[in-house]
Amino acid sequence: MSTNGHHFGANGNGGRAANDRSPAPKRVVIVGGGIAGQSLCERLRERDSDVQVTLVCAEPHLPYDRVHLSDLLSDEEPSGPLGELQLRPDEWYDDNGVEVLVDTKVERIDLPGHELELSNGDTVAYDKLALAIGSQPLMPPIPGIELEGVYAYRGPTDTAAIRAAAAEATHAAVIGGGLLGLEAARGVQAQGCPVTVVHLMDRLMERQLDAGAASMLLPAMEELDMEVSLERQTEEILADDDGHVRGLRFSDGEELAADLVAVSIGIRPEKELAEHAGIDCNRGIIVDDRLCTSEPDVVALGECAEHRGVVYGIVAPIYEHAKVAADTLLERDGDEYRGSLPWAKLKVAEVDLVSIGDVEGDGGATSALAERREYRKIAMRDGRMVGAILLGDTRGTEALLEAVRSGERVDDPLARLAEAAEAGPEELPDEAQVCDCNGVCKGDIVRAVTEDGMSSKQEVMSVTRAGTGCGSCKPLVADIVAIAGGSDEPAYLCPCRKQTREFVAEQIMSNGHDAVSEVSEACGTGRECGLCKPALAYLVSQINDNRHREERSARHINDRVHANIQNDGTFSVVPRMRGGVTNSDQLRRIADAADKYDVGMIKVTGGQRIDLLGVKKDDLPAIWEDIGMPSGHAYGKAVRQVKSCVGTDFCRFGLGDSIKLGVELEGEWEGLHTPAKVKSGVSGCPRNCAEATVKDIGVVAIEGGWQVYVGGAAGGSVRKGDVIATVETAEESKRVATAFLQYYREHASFKERTYDFVPRVGLEELQEQVLDEDNQATLLERFRLAKTAAAARDPWLERRDPYHERQFTDLDSIQLPQAGGNGANGHGDEPGDSESVAEERELELVGPPPEGER
Amino acid sequence: MTETISIEGVRVCAAEDVPLGEGRTVIVAGRPLAVFRTDDGFFALDNTCTHMGGPLADGIVADETVACPLHDRRFELATGRAVGHECGGVAAYPVEGRDGEIFVTMPLLEGAASDESRLATGAAEVEPAEVTPTDGESPAGNTG
């Protein structure tokens with residue numbers, strides 16, 4: 001068989017040969033390269049390694065993830081036409097013996113002949129056929145729907161086109177105020193294009209929300225600068241002179257100017273292929289509880305299938321379909337499919353919204369806090385829970401999903417709602433489904449830990465498949481793994497050996513270990529995957545007050561060469577600039593060095609420093625020498641910088657000398673390693689220009705004193721710090737801030753930022769530890785010890801005294817003088833003459849090496 | 001197909017050129033390799049991570065694996081097999097130490113059309129496991 005489409009995966013004979021024992025191998029052909037088709041491939045392979053599997057994809061690429069389509073619209077820079085959304089890498093199909101025909105349409109199903117006719121004229125025979133052909137966007141039959149500038153929001157081709165159009169357009173209209181429509185609108189906005197959502201109904205997402213929730217969602221969307229126009233029936237899409245869309249005309253005669261229109265009003269199941277073959281269809285292809293169509297050897301699944309009168313346009317049922325369909329195709333006994341609970345999560349970053357099941361019901365309870373845009377509801381029918389809405393506060397999603405799924409009987413729905421908000425992973429019943437994509441229950445995860453000996457989230461995910469679908473349940477999976485491990489620790493320091501930070505610290509202290517290799521030798525810590533070695537190295541250094549034996553092999557490359565590795569393998573260089581204050585001499589040296597070493601970019605950082613990007617590893621010692629400033633530790637888990645505003649020196653509002661305090665604090669803290677990076681700031685008045693309240697440690701001058709904030713963040717997480725103390729003098733604020741820093745150094749888990757650490761320990765406990773006079777004195781004494789050792793040497797001085805001759809250099813290149821068979825023995829020190837270099841270029845490496853073939 | 005020439009025993013460095021527990025890059029005939037030194041001896045892999053092209057020589061070396069410094073994708077030192085991710089393995093090359101000098105054997109072909117994919121994907125089986133980069137951010141963010 002050959003096709004004019006591209007071929008991936010197994011050869012044309014259909015993959016792995018059957019072994020001799022089995023009868024003639026069954027050949028399953030799957031039509032449709034979406035999540036449904038891919039998922040079915042995987043379920044088939046799990047059950048049977050011999051059956052021939054062929055996947056026929058109409059689109060010109062391998063199966064991709066449609067659920068995260070909106071990521072593609074709002075990502076700043078997609079990394080290719082499908083971004084990272086391809087479901088499996090190209091090799092997967094080879095490795096699993098799945099033959100894939102892409103860019104290949106099925107023209108006709110010949111049911112009696114058990115054959116498919118393909119768009120290229122070839123035929124493919126099947127024993128069993130699976131239709132996973134999905135759906136088309138529903139387009140309203142109105143004049144102008146075909147105009148240039150009108151797009152359906154469904155496929156990646158459209159997405160790329162919408163993205164490009166949104167970047168150029170002056171105003172966009174999205175027709176359809178459902179889940180996908182809102183996500184599309186947000187994606188268009190991400191391209192900087194203003195957008196109006198036009199919706200036929202009197203409220204947004206009417207299928208998932210009741211009137212109360214919808215009335216709260218509306219202002220939330222408007223707050224995101226999205227215009228929403230309700231009860232608008234679009235009668236015509238208007239064209240300009242060039243046949244490009246210029247706006248919409250509604251049934252009341254009003255018009256909206258728009259040079260980009262995205263349509264997202266629902267789906268139309270693809271059924272024509274089945275219908276023409278004589279398979280029973282209604283809205284979709286009709287299937288029974290085994291997902292069998294009216295034709296015994298043909299199943300249908302995903303969005304093209306209609307089961308008990310329902311067509312599902314969401315992802316979770318697809319995974320359930322795939323399991324049942326796989327059993328049916330392989331003629332195995334398995335669970336029947338009895339329908340899925342419809343539920344959805346709005347994937348607009350600023351708005352948390354979950355809708356479950358029948359949200360109206362005949363009763364229930366609602367808790368609404370208009371000023372906080374929170375709306376939580378349980379819907380009941382005949383005394384049983386049938387649905388829920390969680391807007392603004394989605395705590396308890398899993399518990400309520402489980403309750404609705406099991407039809408829990410509820411006497412006091414308001415109390416049940418409150419209880420759900422408190423329900424942590426501990427309270428979830430074992431049968432509560434955690435991963436809807438793959439149907440994994442809490443009990444499965446607990447058993448993976450307690451019975452199968454898995455310890456890390458990653459291991460559990462790979463074994464149970466929980467969290468490997470849409471990924472939204474990953475945090476919950478991690479929580480359950482931690483609970484099942486019987487440990488309060490959020491994570492083991494060494495997950496391979498299941499050793500907590502406390503355990504390892506105890507070993508180090510009681511045995512007096514002063515090097516990573518000693519601990520590894522004695523306890524096995526870090527020997528298996530090695531990823532915890534930096535955590536271990538930090539612990540060893542911290543417990544020994546930096547009087548440990550440094551072993552660079554345990555450090556990340558950043559801490560081996562004191563610079564931050566970039567995605568291309570070059571490094572970035574950030575000299576220390578205390579408090580963000582510099583001078584013309586430093587700037588001149590930095591400028592000269594940037595020229596001399598040809599740095600790719602000079603960037604002013606968010607921390608009031610200068611970053612030289614794109615420096616080669618072996619240039620690092622020389623560039624540091626030329627700059628002549630100390631390391632800014634921008635590459636490490638360490639005190640980064642203390643940002644400051646100009647304070648009383650220059651500012652007419654200044655209440656405190658923030659520059660002086662910032663420069664002093666940075667001087668006292670610099671060079672110290674910490675469990676995770678520590679960013680700091682000092683503001684000279686409550687206008688807070690140094691953003692001190694969202695730093696790990698921040699100090700803000702107020703009338704008559706200083707406030708010390710801890711646990712703030714303004715990165716991937718945003719958290720306002722807590723005021724740990726208000727003090728009268730700058731000196732006192734330094735003592736409090738420094739004592740906190742030391743307490744954090746001694747008690748936080750590796751990679752645990754202060755914004756997690758502070759709420760975990762609790763402000764009261766921290767105040768007790770840091771403000772109590774004796775405790776504070778002890779912390780400051782230990783800080784002094786650690787600092788003295790750390791300050792003894794600026795890491796960038798290793799340029800003159802490296803720990804190894806090749807600390808900053810790789811090995812010399814080897815050029816083969818000639819293609820001379822055995823024993824070619826080039827030596828990098830010999831410069832190849834031009835002839836041998838030319839020959840060398842013709843050498844190509846081939847074939848897997850002997851080791852690799854195993 | 002032209003004749004396959006196996007380059008045996010290319011001297012890549014002296015043993016002491018690579019610190020114990022670390023790796024270093026060496027470019028042999030234009031191809032970047034990573035040479036590692038552990039308590040169990042020397043290993044050589046293709047240097048380029050199959051995930052995003054990170055330099056494996058700069059990774060953290062454990063008893064039997066190395067983790068890429070960019071996103072912690074792991075590979076077996078002895079075979080190049082991918083461990084715990086689906087980005088594919090890297091080629092591994094036999095290494096020999098003689099009198100404190102380190103030699104690597106690489107299969108080479110003269111004059112063939114470029115076929116990098118055979119090296120990139122030929123090395124290893126892939127374990128079906130979902131990749132989750134280790135919790136939190138990369139070892140250091142890019143901010144100063």
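Which residues touch the most other members of the largest nonpolar core? They are Ile30(A) and Leu131(A), in a core of 76 residues.

## Basis of the description

This is a predicted model, in which local features need pLDDT of at least 70 and side-chain atom pairs count only at pLDDT 80 or more, while totals for chains, interfaces and linings use all residues. Residues are numbered from 1 along each chain as its sequence is written, chains are lettered from A and ligands numbered from 1 in the order in which they are written, and side-chain values use heavy atoms, with hydrogens and water left out.

## The two chains

Chain A contains 26 helices and 41 strands; helices (H or I, at least four residues) and strands (E, at least two) are DSSP runs, numbered from the N terminus. Of its 854 residues, 54% count as buried, where buried means under 20% relative accessible area, exposed over 50% and partly exposed in between (1.4 Å probe, protein chains only). Contacts are heavy atoms within 4.5 Å. Among contacts in chain A between residues at least 6 apart in sequence, 62% join residues at least 24 apart. Chain A exposes about 36,200 Å², and carbon and sulfur atoms supply 46% of that area; accessible areas come from the Shrake-Rupley method with a 1.4 Å probe, and for residues only the protein chains shown count as cover.

Chain B has one helix and eleven strands. Along the sequence its pattern is β-β-β-β-β-β-β-β-β-β-β-α. Buried residues make up 57% of the 144 residues in chain B. Of the contacts in chain B with a separation of 6 or more, 49% are between residues 24 or more positions apart.

## Nonpolar cores

A nonpolar core is a set of buried Ala, Val, Leu, Ile, Met, Phe, Trp, Tyr and Cys residues joined through side-chain atoms within 4.5 Å. In the largest core, Ile30(A) and Leu131(A) touch the most other members. Helix α8 (residues 316-329) of chain A gives this core its largest share, seven residues. Apart from this core lies another, of 39 residues, including Ala184(A), Val228(A), Leu260(A) and Tyr375(A).

When residues up to four places away in sequence are not counted, the residues that Leu131(A) touches include Val31(A), Ile109(A), Leu273(A), Ile285(A), Val299(A) and Cys304(A).

## Helix packing in chain A

Helix α22 (residues 730-747) of chain A packs against helix α24 (residues 763-771) of chain A at an angle of about 110 degrees, with the axes 9 Å apart. Therefore α22(A) is roughly perpendicular to α24(A), a term for angles of 65 to 115 degrees; those under 35 count as roughly parallel, those over 145 as roughly antiparallel and the rest as oblique. Axes are lines fitted to C-alpha atoms, for helices over the stretch in contact, and angles run from 0 to 180 degrees between N-to-C directions.

Val736(A), Ala739(A), Phe740(A) and Tyr743(A) in α22(A) meet residues in α24(A), among them Glu765(A), Leu766(A) and Leu771(A). Ala739(A) is also 9.3 Å from Glu781(A), C-alpha to C-alpha, although the two are 42 residues apart in sequence. Glu781(A) lies in helix α25 (residues 773-791) of chain A and is partly exposed, with a relative accessible area of 37%.

## Two loop residues with positive phi

Asp103(A) is not a glycine, yet has a positive phi of about 55 degrees. This residue is in the loop between β4 (98-101) and β5 (106-110) of chain A, and Asp103(A) is partly exposed at 39% relative accessible area.

His114(A), also not a glycine, has a positive phi of about 50 degrees. The loop between β5 and β6 (115-118) of chain A holds His114(A), which is partly exposed, with a relative accessible area of 24%.
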